[in-house]
Amino acid sequence: MVEMMLERELDPISIQITSGYDVTQVHGSQWRVPKRHLVTAMQMVIQSDRLQVADRLPFAQVFLSEAREFQLKQKDSGALTFAASKDSVHDDLVLAVAMGLWFGESVIGDVPTPGKKPSARQVRGIGLPARLRRQPEGV
């Protein structure tokens, strides 16, 4: 995808998801970002009530379904991973939104919501607020 955009002389922001601990700016707008950083950025935005999902968006319900199933897992080796709790559920939309939120929060800068302080809870999954956790009919 990035190569196609570059061929068209666009300047995409490229984020490669890693399992490491450190964020690396590879070149210009190319980044390597640990999944834990993406999830943390998304969790902070959600917990500070700054993420709103309009019902009329084409994949809104799919995103909310993926987000409800996205959580912290511990492997047999003891390693911690973030993924969908069910093998049949994908996390593509959750990670796409998380990348945009991470870039906005970490690279562009945090734009606080007036009168609200972000929560500093430990990452245990996305932690959707009640208004986003509700299961819509037919999903």
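## Sheet, helices and core

Ser14 is buried, at a relative accessible area of 18%, where buried means under 20% relative accessible area, exposed over 50% and partly exposed in between, with a 1.4 Å probe and protein chains only. This is a predicted model, so to speak of local features takes a pLDDT of at least 70, side-chain atom pairs count only at pLDDT 80 or more, and totals for chains, interfaces and linings use all residues. Residues are numbered from 1 along each chain as its sequence is written, and side-chain values use heavy atoms, with hydrogens and water left out.

Back to Ser14: this residue is found in strand 1. Helices (H or I, at least four residues) and strands (E, at least two) are DSSP runs numbered from the N terminus. Setting aside neighbours within four places in sequence, Ser14 is in contact with Val2, Ser29, Gln30 and Trp31; contact means heavy atoms within 4.5 Å.

Strand 2 and strand 3 run antiparallel and are joined by 3 bridges, and Thr24 stands opposite Arg32 in strand 3.

On to the helix pairs. Two packed helices are described by the angle between their axes and the distance between the axes. Axes here are lines fitted to C-alpha atoms, for helices over the stretch in contact, and angles run from 0 to 180 degrees between N-to-C directions.

| Helix pair | Angle | Axis distance |
|---|---|---|
| Helix 2 and helix 4 | roughly 80° | within 8 Å |
| Helix 3 and helix 4 | about 90° | 8 Å |

Helix 2 and helix 4 are therefore roughly perpendicular to each other, and helix 3 is roughly perpendicular to helix 4. By the cut-offs, angles under 35 degrees are roughly parallel, over 145 roughly antiparallel, 65 to 115 roughly perpendicular and the rest oblique.

Where helix 2 meets helix 4, the residues include Leu38, Ala41, Met42 and Val45 of helix 2, with Leu95, Ala98, Leu101 and Trp102 among those of helix 4. That contact divides into 11 nonpolar, 1 polar and 2 charged residues. Ala, Val, Leu, Ile, Met, Phe, Trp, Tyr, Cys and Pro count as nonpolar, Asp, Glu, Lys and Arg as charged, and the others, Gly among them, as polar.

In the other pair, Val62, Phe63, Glu66 and Ala67 of helix 3 meet Asp92, Leu93, Val94 and Val97 of helix 4. By class, this contact of helix 3 with helix 4 has 6 nonpolar, no polar and 2 charged residues. Helix 3 itself is mostly covered, with 7 of its 10 residues buried; among them are Phe63, Leu64 and Arg68.

What about the core? The largest nonpolar core has 23 residues, and Met42, Leu51, Phe63 and Trp102 touch the most other members. Such a core is a set of buried Ala, Val, Leu, Ile, Met, Phe, Trp, Tyr and Cys residues joined through side-chain atoms within 4.5 Å. Strand 3 (30-34), helix 2 (35-47), helix 3 (60-69) and helix 4 (92-108) are the elements that give two or more residues to this core.

Terms used. Pairing = 2+ DSSP bridges.
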